[in-house]
Amino acid sequence: MSEQHWIDLRSDTVTQPSQAMRAAMAAAEVGDDVYGDDPTVNRLQDYAADLFGYEAGLFAPSGTQTNLIALMTHCGRGDEYLVGQEAHTYKYEGGGAAVLGSIQPQPIANQPDGSILLSDIEAYIKPDDMHFARTRLLALENTIGGRVLGQDYVAAATALAHAKGLATHLDGARVCNAAVKQGLSLREVMQGFDTVSVCLSKGLGAPVGSVLLGPKGFIEQGKRWRKMLGGGMRQAGVIAAAAHYALEHNVQRLAQDHENAATLARGLGEIDALSVSAPQTNIFWLDVPAAACAPLRKALAEQGIRATVGPRMRIVTHLDVSAADVARTVAAFQSFFKDWRA
């Protein structure tokens with residue numbers, strides 16, 4: 001394409017900072033965050049803690065790091081955490097809890113709605129016996145693969161964990177999507193979780209960063225792990241300003257991403273060759289004939305559309321995908337499959 005306006009459907013991590021966000025970054029007052037004197041980082045941490053209903057916050061470069069800090073603060077060497085088989089902390093974070101934290105994950109099958117059966121959670125809690133790792137934590141994810149964990153389920157799962165003496169952590173990379181979808185406040189959607197990691201560089205549109213939220217003492221312990229993991233930053237207010245802007249301005253607009261995903265899914269669902277799931281938020285999946293994948297990838301690229309094309313294909317909408325982009329994407333798929341033959 002001569003004028004490269006790419007439609008990028010690979011992930012909501014590809015968002016670009018807006019001009020207003022860039023202006024906030026340029027104007028950020030900075031200090032040295034390792035010393036704790038970057039005023040913009042401090043404002044972000046306090047603002048996020050208050051917004052989500054926690055005592056304190058800790059800004060770090062990535063959600064992988066904030067999750068790992070949480071796991072290493074909740075669990076000691078040789079301890080165990082319960083986690084879904086599909087969860088990001090278990091499947092997509094390089095085994096960091098085991099490699100760097102000496103923490104044993106106990107993966108449990110996720111149900112089709114993304115939840116873990118309460119009976120499975122209870123069954124996998126180890127008895128107090130020297131033969132077993134000590135079960136310390138239940139880690140859930142919301143949303144998980146674009147699916148929203150309902151509040152009734154979250155309340156039951158976290159209550160069970162607490163009754164059994166476990167702490168609870170939420171990988172809330174897209175928890176703002178879950179809140180907006182359910183019409184809940186950010187505080188309401190956090191109920192039951194001792195700690196949460198919130199990603200600011202996905203649908204919220206910041207270029208980098210996540211924040212870990214929890215009790216003051218927990219966050220103070222987490223600072224030590226952040227330093228050890230290489231997450232202690234200096235004049236980090238430049239990126240913290242973008243993260244603060246994202247939380248102030250980009251939460252409720254996630255509803256538009258959900259609407260665009262639903263429209264895109266409906267359009268693609270009219271193509272006979274495709275099997276399309278109905279999105280709950282900004283992520284959905286489609287099944288593509290294997291023989292069509294390579295030529296479809298090429299055809300989409302020629303139309304200025306980036307997508308991770310495969311037999312099981314994930315589509316993600318975000319603030320840089322407009323309604324016009326959705327229409328253009330549907331047209332590109334229709335054009336390809338009109339002529340394609342297995």
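**Helix packing and a mixed sheet**

In this predicted model, helix α8 (residues 175-182) packs against helix α12 (residues 254-269), with the two axes 9 Å apart and at an angle of about 80°. Angles of 65 to 115 degrees count as roughly perpendicular, and α8 and α12 are therefore roughly perpendicular to each other. On the α8 side, the contact is made by Cys 176, Asn 177, Val 180 and Lys 181, while α12 brings in Leu 254, Ala 255 and His 258. Sorted by class, the contact of α8 with α12 comes out as 4 nonpolar, 2 polar and 1 charged residues.

Then there's the sheet. It is an open one, built from 7 strands in the order β2-β8-β7-β6-β5-β3-β4, with mixed pairing. β2 (56-60) and β4 (104-108) sit at the edges with a single partner strand each, so one side of each has no neighbour in the sheet. On average, neighbouring strands here are turned by 20° against each other, direction ignored. Zooming in on one pair, β6 (residues 167-172) and β7 (residues 195-199) run in the parallel sense over 4 bridges; His 169 has Thr 195 in β7 as its bridge partner.

Helices pack on this sheet too. Helix α2 (residues 39-52) touches β2, β7 and β8 (210-214), and its direction makes about 125° with that of β2. Helix α10 (residues 216-228) lies across β2, β7 and β8, running at about 20° to β2.

As for annotation, an unreviewed UniProt entry places the feature "domain: Aromatic amino acid beta-eliminating lyase/threonine aldolase" at residues 8-288. Over residues 8-288, the chain is 42% helix and 17% strand, and the end C-alpha atoms are 18 Å apart.

How values were computed:
Residues are numbered from 1 along each chain as its sequence is written. This is a predicted model: local features need pLDDT of at least 70, side-chain atom pairs count only at pLDDT 80 or more; totals for chains, interfaces and linings use all residues. Side-chain values use heavy atoms; hydrogens and water are left out. Axes are lines fitted to C-alpha atoms, for helices over the stretch in contact, and angles run from 0 to 180 degrees between N-to-C directions. Helices (H or I, at least four residues) and strands (E, at least two) are DSSP runs, numbered from the N terminus. Angles under 35 degrees count as roughly parallel, over 145 as roughly antiparallel, 65 to 115 as roughly perpendicular and the rest as oblique. Contact means heavy atoms within 4.5 Å. Ala, Val, Leu, Ile, Met, Phe, Trp, Tyr, Cys and Pro count as nonpolar, Asp, Glu, Lys and Arg as charged, and the others, Gly among them, as polar. UniProt positions are given in the numbering used here, feature names are shortened, and annotations may be inferred rather than shown by experiment. Two strands pair if DSSP finds at least two bridges between them.
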